[in-house]
Amino acid sequence: MKHLFKLITTVILLCSASAICNDAELTRHDSLTIAMHDSIFSSVNMRSEEGLLKTRATLERLLNISENSWLIHHYIGLTDYNLAIMYFGAEDEKKAGKAIDLAIEHLKKSSEQKEFSETHALLSACYGMKVG
């Protein structure tokens with residue numbers, strides 16, 4: 001059941017990404033970017049800080065070579081948001097605060113480049129964490 005959910009999520013993301021990007025075909029870099037989505041959620045499900053940090057490092061490298069940097073900024077923001085949740089749970093407020101600030105920074109860059117409702121929703125969640 002878990003694998004079916006991942007498969008459906010990946011298919012939906014691939015279809016929506018191609019519609020959003022207005023391209024009939026996704027580049028290899030774009031496909032890798034979308035695959036990072038699964039890596040983020042796998043790491044969250046396993047509560048793996050190391051997995052999230054590795055995914056974030058891969059996304060940072062993709063940022064330098066991909067044409068769709070708005071999506072990569074979104075995923076980096078999502079990764080930082082999840083790291084912040086993990087750090088708050090471990091009561092490490094210094095790391096959590098830094099992760100939230102980085103998430104906000106990347107989500108702002110993403111929303112400046114492309115209007116994407118999920119980015120705005122995640123950005124508002126980050127501001128909520130910062131206030132609360």
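The protein chain has six helices and zero strands. The model on screen is predicted. Read from one end of the sequence to the other, the pattern is α-α-α-α-α-α.

**Whole chain.** Begin with everything selected and a surface drawn. The accessible surface comes to about 7,800 Å², and carbon and sulfur atoms account for 58% of that area. The protein chain has 132 residues, of which 41% count as buried. Now turn to contacts between residues at least 6 apart in sequence: 59% of them join residues at least 24 apart.

**Helices H3 and H5.** Next, select residues 49–63, which form helix H3, and residues 93–113, which form helix H5. How do the axes of these two helices cross? They come within 15 Å and cross at roughly 30°. Angles under 35 degrees count as roughly parallel, so H3 is roughly parallel to H5. The crossing of the pair is left-handed.

Show the side chains where the two helices meet. On the H3 side, the contact is made by Glu49, Arg56, Glu60 and Leu63. On the H5 side, select Lys95, Leu102 and His106. Sorted by class, this contact has two nonpolar, one polar and four charged residues.

**Ile76 in helix H4.** Move on to residues 69–89, helix H4, and pick out Ile76. Is Ile76 buried or exposed? Its relative accessibility is 0%, so Ile76 counts as buried. Keep Ile76 selected and display what it touches: leaving out residues up to four places away in sequence, these are Arg56, Leu59, Glu60, Leu63 and His106. Several of these names have come up already: Arg56, Glu60 and Leu63 of H3, with His106 of H5, also take part in the contact between those two helices.

Ile76 and Leu53 are 23 residues apart in sequence, and their C-alpha atoms are 10.0 Å apart in space.

**Thr79 in helix H4.** Stay in helix H4 and select Thr79. Thr79 has 0% relative accessibility and therefore counts as buried. Which residues is Thr79 in contact with, once its neighbours within four places in sequence are left aside? They are Ile40, Leu52, Thr55, Arg56 and Leu59.

Technical notes:
Residues are numbered from 1 along each chain as its sequence is written. This is a predicted model: local features need pLDDT of at least 70, side-chain atom pairs count only at pLDDT 80 or more; totals for chains, interfaces and linings use all residues. Side-chain values use heavy atoms; hydrogens and water are left out. Helices (H or I, at least four residues) and strands (E, at least two) are DSSP runs, numbered from the N terminus. Buried means under 20% relative accessible area, exposed over 50%, partly exposed in between (1.4 Å probe, protein chains only). Contact means heavy atoms within 4.5 Å. Axes are lines fitted to C-alpha atoms, for helices over the stretch in contact, and angles run from 0 to 180 degrees between N-to-C directions. Angles under 35 degrees count as roughly parallel, over 145 as roughly antiparallel, 65 to 115 as roughly perpendicular and the rest as oblique. A crossing is left-handed if the near helix is turned anticlockwise from the far one by less than a right angle, and right-handed if clockwise. Ala, Val, Leu, Ile, Met, Phe, Trp, Tyr, Cys and Pro count as nonpolar, Asp, Glu, Lys and Arg as charged, and the others, Gly among them, as polar. Accessible areas come from the Shrake-Rupley method with a 1.4 Å probe; for residues, only the protein chains shown count as cover.
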